[in-house]
Amino acid sequence: MFCSRFFSTILYLCILVTTHKRSKINITGPSTRLEDDRSVHERIKQSAEILNRMKDIVCLIISYPPMSLVNEESYKRNQYKWVQDILKINDVVREMEAPSKKKEIDAFKLENRISTLMTRYMDEIEPLFPQVVIAKSFSGIYVERHGQIMPTPKRIYDLAVDFAIREILQHIEYPKIRKIGISGSHGETVISELWGELQECCIFDHVIDVDVSRCSTIEEIRFSIEGELFPSTSGERKLDETLKGTNFFILLHEHVDDVTAVGVEIRMENHLLSWELFCVNVGEVVHSSGIQRLAINVVEKCCGHLLAVVIMARALKDVTDVLIWEYASYTLGLQHRSQTKDRVLFNALAFMWGRSGSTNKYLQYCVDMENWGQMDKVHLIEEWITSGLVGTFDEGEQIVGDLVNAFLLESFQYGDSNFVRMRSEIHEELLNFLRFESCSPFLRLGGWGLTEPPKDEAWEKASEMHLMNNKLSELPTSPHGSQLKVLFLQSNHHLRAIPPMFFEGLPVLQILDLSYTRIRSLPQSLFKLFELRIFFLRGCELLMELPPEVGKLGNLEVLNLEGTKIIKLPVEVSRLKNLSIDVNPDDERWNAAIEDIVQEVCSLEQLEALKLYVPRVAPLDHFMKDGTSSVYLSLVHFRFVVGSHHSRIISRLPHELAVKFELQEKSLKYVNGEGIPSQIKELLQHCTALFLDRHLTLTKLSEFGIGNMKKLEFCVLGECYKIETIVDEAENCKQQEDDGDVYGENILGSLQFLRLHYMKNLVSIWKGPVWRGCLSSLKSLALHECPQLTTIFTLGLLENLNSLEELVAEWCPEINSIVTLEDPAEHRPFPLRTYLPNLRKISLHYMPKLVNISSGLRIAPKLEWMSFYNCPRLETLSDMEVCCHGIKVIIGEEDWWSTLKMSSYFGLAQWHNVFVPIKSDADLATQIEEIENQLLAERQERKPSQQSGEAERQERKPSQQSGEAERQERKPSQQSGSGGFMKALAFVATTALKKMEM
């Protein structure tokens, strides 16, 4: 399949907007040496394309901080000298295509020149850049999740446009780069915004835009340029006179076929690099819809600084606390009076320092070392032991690994020795930070058990004060903190009142957290905090009123009232961007005032995130498409709890499930519902998560309308006693007749997590035919206490579940197998087919009728975990069903296992060493949790500590250890990851060849 690429080019003071495509090269020449010429010239052209790819990556990276911040002329001259040499190679390669030049060009000499430039890159230029950046740049710029490429948020594309313009403006200053190509999505946006940028910056006397596609001769191009400059008149003499002696920039739209015809190609997908780096280093948490918006904020605040992006990602890895993410974004935006060349990196290191805790002293030790740029790892650990910082060598290795994983050190090998080094940019800003830290602007006393607040002098010089999780019962009367911007006081459960004048001396406070304190009111001095942006009052159960003076806080963006007694929202809070209101559902005052509250919320024109409890369905009309609200459900992040209920909500469900649900981007919790209200159906169209709690009349989830649940990713149903199945395809066909839907559509194709709890009349998951793609994204299915359930998977449904990773079924007494075959012979035509290819965990508990796993079908080649409890009729475990050789643990009762051994197939012997017995006199859930924790600890112990981060570790084979075996495999010259780079080059070359053949 051929896909053209939009491609724009700068010709010194001109830009050519072109369409670029790779085509097969036709070489002509003497027939006696035709094949040899073709072979040589093809090889040279492919090598030149690889070299140009390297050049484009270098040009991209040096346009980003920290490389763009280097002011040394020799550094920039060295980079561009290498680029200039490649441009000369391109000229020769293009000449090679001319038949008259073939005999004049020495192919052997040309190949040597290309090889020399590649070697110079690996020896001199590549080591200047962070290896994680180089590796990701050559491996492809896209975000994957479970093997699927994730869509790029629009705000990230906007960043990419800004970064592309920045690179173009930087290259314009270098006269040897006469042509710059722009390819990929949003390239036209770059041209449009670049046009405006050049008009405003006054670099050029004339900026001209001409569409060359309408011109067939040079004369026609001249006429077009004249038309742009002189709309009313024209004349060749006038054009020459006007442009003579001036700086002019001509934007030409033209077709270009040869990649070597441009000096630098700017691939727009490459400018997604900062987002890709962040995603691959921060982990799966970035895909949580509740976190992604905050992650984008962090990447934006990094301003494309590649080192800062990786450091922030490693510091936030797997963090789900929204406040920490908000704080990270705030920290990156701080301005400092201290002397720092690189503000963004300084702030990133400051945030990391606050998160690192006990490892900071080891990092400071490395900063103070004379040879911080190249430290022998063994010698470094021995020095720590001598200094009393660590007790054992293994402890030191673990700490080095932690610093490498945080991207504060880089590891490399030279000869037989392992080294670590600190990048010069990090070392310089850490020195600045440590000088800054010595002045104690950050006072971190959280969790120290303090009963008294810090002294007055501490308030005077602090810019951040962390006093959470202490035992403070009173605060200073009026502290003077002219520099204090962040104050954390949450979880001081003895704090009952704030002095009236407390905030008078804190004029620049921006973040304030008073959550989970016993305060009953807010002092008037608080409403003079005109810089306050984020204000948390979560869990202040005695706080009943929010004074109208809150409207004076003109910069307030985030107000969290979750768990307070506040039932009236002052009209003055019109600038809020983030609002969370959660009340006691038994509070009748809230029920009476809900209409007024909703109308007040609907007046918040800048609202981006909303959490709201609505006891009745009717007030949702204000948020519907025909309502009066300026809060559009398609734009905001929301969490609605709808329905009258008691405070018992989700008390029977696991706490971790509630936490996961609240992390979803757009969620609806519908409680004690009756019927199918139109408001709920419309709200569902925007939801990514649904929690249906105790619906009183629903018999199947599909009654809400399949078309209304296309975006649903996370679904929990609890105590919906009338529900008999999740999807009834017969009901769906009826809806198709009523609504005009397409027959055989992808039903619940986005759903990834499905949890069913206490479903008394549930008989099956699916009824009727299963269309291709239905439930194809499902990763986790959990069934708890479904006493009438007889069918989990049919063969038709099983064929769609290629993404399923976890299956849990408990207290489902009518299940005899996880697969129900309507016709026992229906699997026989495919006896060797394997289903559920990504299933890694099966837990089957309290299932007295279970007789086999999958009715004889082969499943789960990647299975790692099997857990059985109270399944007395399960007498065989067959490796003809579970065709897995990587099983790590099998859990069950000792008596069941010993009986199983006598009657099972031959495959059981290979699983004997992974069996873990369950004690019948102890809690099952507690024992399973302990086993999971033990496996996790063993896995972490096996992780190599020398590798520079998770991204690199994933690319290595599991058996590749950091000992002698690994050293023997590496070449002595491999210092900075060049082996991985050469693999990337090979991939690029192969891909280029395939494209050319196409």
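Arg 833 is partly exposed, with a relative accessible area of 34%; here buried means under 20%, exposed over 50%, and partly exposed in between, with a 1.4 Å probe and protein chains only. Its salt-bridge partner is Glu 799, and the closest N and O atoms of the two are 3.6 Å apart. A salt bridge here is a side-chain nitrogen of Lys or Arg within 4 Å of a carboxyl oxygen of Asp or Glu. The two residues belong to distant parts of the chain, 34 residues apart: Arg 833 sits in the loop between strand E30 (819-820) and strand E31 (834-835), while Glu 799 is in the loop between helix H23 (795-798) and strand E29 (806-810).

This is a predicted model, in which local features need pLDDT of at least 70 and side-chain atom pairs count only at pLDDT 80 or more, while totals for chains, interfaces and linings use all residues. Residues are numbered from 1 along each chain as its sequence is written, and side-chain values use heavy atoms, with hydrogens and water left out.

**The whole protein**

- The protein has 28 helices and 36 strands; these are DSSP runs numbered from the N terminus, with helices (H or I) of at least four residues and strands (E) of at least two.
- Of its 998 residues, 54% are buried.
- Its accessible surface comes to about 45000 Å², and carbon and sulfur atoms hold 50% of that; the areas come from the Shrake-Rupley method with a 1.4 Å probe, and for residues only the protein chains shown count as cover.
- Among contacts with a separation of 6 or more, 66% are between residues 24 or more positions apart; a contact means heavy atoms within 4.5 Å.

**Salt bridges**

- A search of the whole structure finds 16 salt bridges.
- One of them pairs Arg 155 with Glu 300, whose closest N and O atoms are 2.8 Å apart. This pair also links distant parts of the chain, 145 residues apart: Arg 155 is in helix H5 (residues 154-172) and Glu 300 in helix H10 (residues 289-301).
- Arg 155 counts as partly exposed because its relative accessibility is 29%, and Glu 300 is partly exposed with a relative accessible area of 29%.
- Arg 267 and Glu 265 form another salt bridge, with 3.2 Å between the closest N and O atoms. Both Arg 267 and Glu 265 are buried.
- Back at the opening pair, Glu 799 is partly exposed, with a relative accessible area of 33%.

**Helix H15 and its surroundings**

- Helix H15 (residues 377-387) has Lys 377, Leu 380, Ile 381 and Trp 384 as its buried residues. Seen down the helix axis, these fall within an arc of 95 degrees, so they line one face of H15; the arc is that of the directions from the axis to the C-beta atoms.
- The cover over the buried residues of H15 includes helix H14 (360-368), strand E9 (375-376), H16 and strand E11 (417-421).
- At the start of H15, a side-chain oxygen of Asp 376 comes to within 3.0 Å of the backbone nitrogen of Val 378.
- Just after H15, Gly 388 has a positive phi of about 80 degrees.
- Phe 393 is found in helix H16 (residues 393-405) and is partly exposed, with a relative accessible area of 30%.

**Helix H11**

- Helix H11 (residues 306-315) has 10 of its 10 residues buried, so it is largely enclosed by the rest of the structure.
- The buried residues of H11 include Leu 306, Val 309, Met 312 and Arg 314.

**Loops worth a look**

- Pro 837 lies in the loop between E31 and strand E32 (841-845), and its relative accessible area of 25% makes it partly exposed.
- Leaving aside neighbours within four places in sequence, Pro 837 contacts Leu 801, Asn 802, Pro 861 and Lys 862. Its C-alpha atom is 8.0 Å from that of Leu 804, a residue 33 positions away along the chain.
- Leu 748 has a phi near 50 degrees, a positive value in a residue other than glycine. Leu 748 sits in the loop between helix H22 (729-739) and strand E25 (753-757) and counts as buried at 5% relative accessibility.
- Tyr 758 also has a positive phi, near 55 degrees. Tyr 758 lies in the loop between E25 and strand E26 (764-767) and is buried, with a relative accessible area of 15%.

Key: A polar contact is a pair of N or O atoms within 3.5 Å; within protein, one must be able to donate a hydrogen and the other to accept it, and residues adjacent in sequence count only if both atoms are side-chain atoms.
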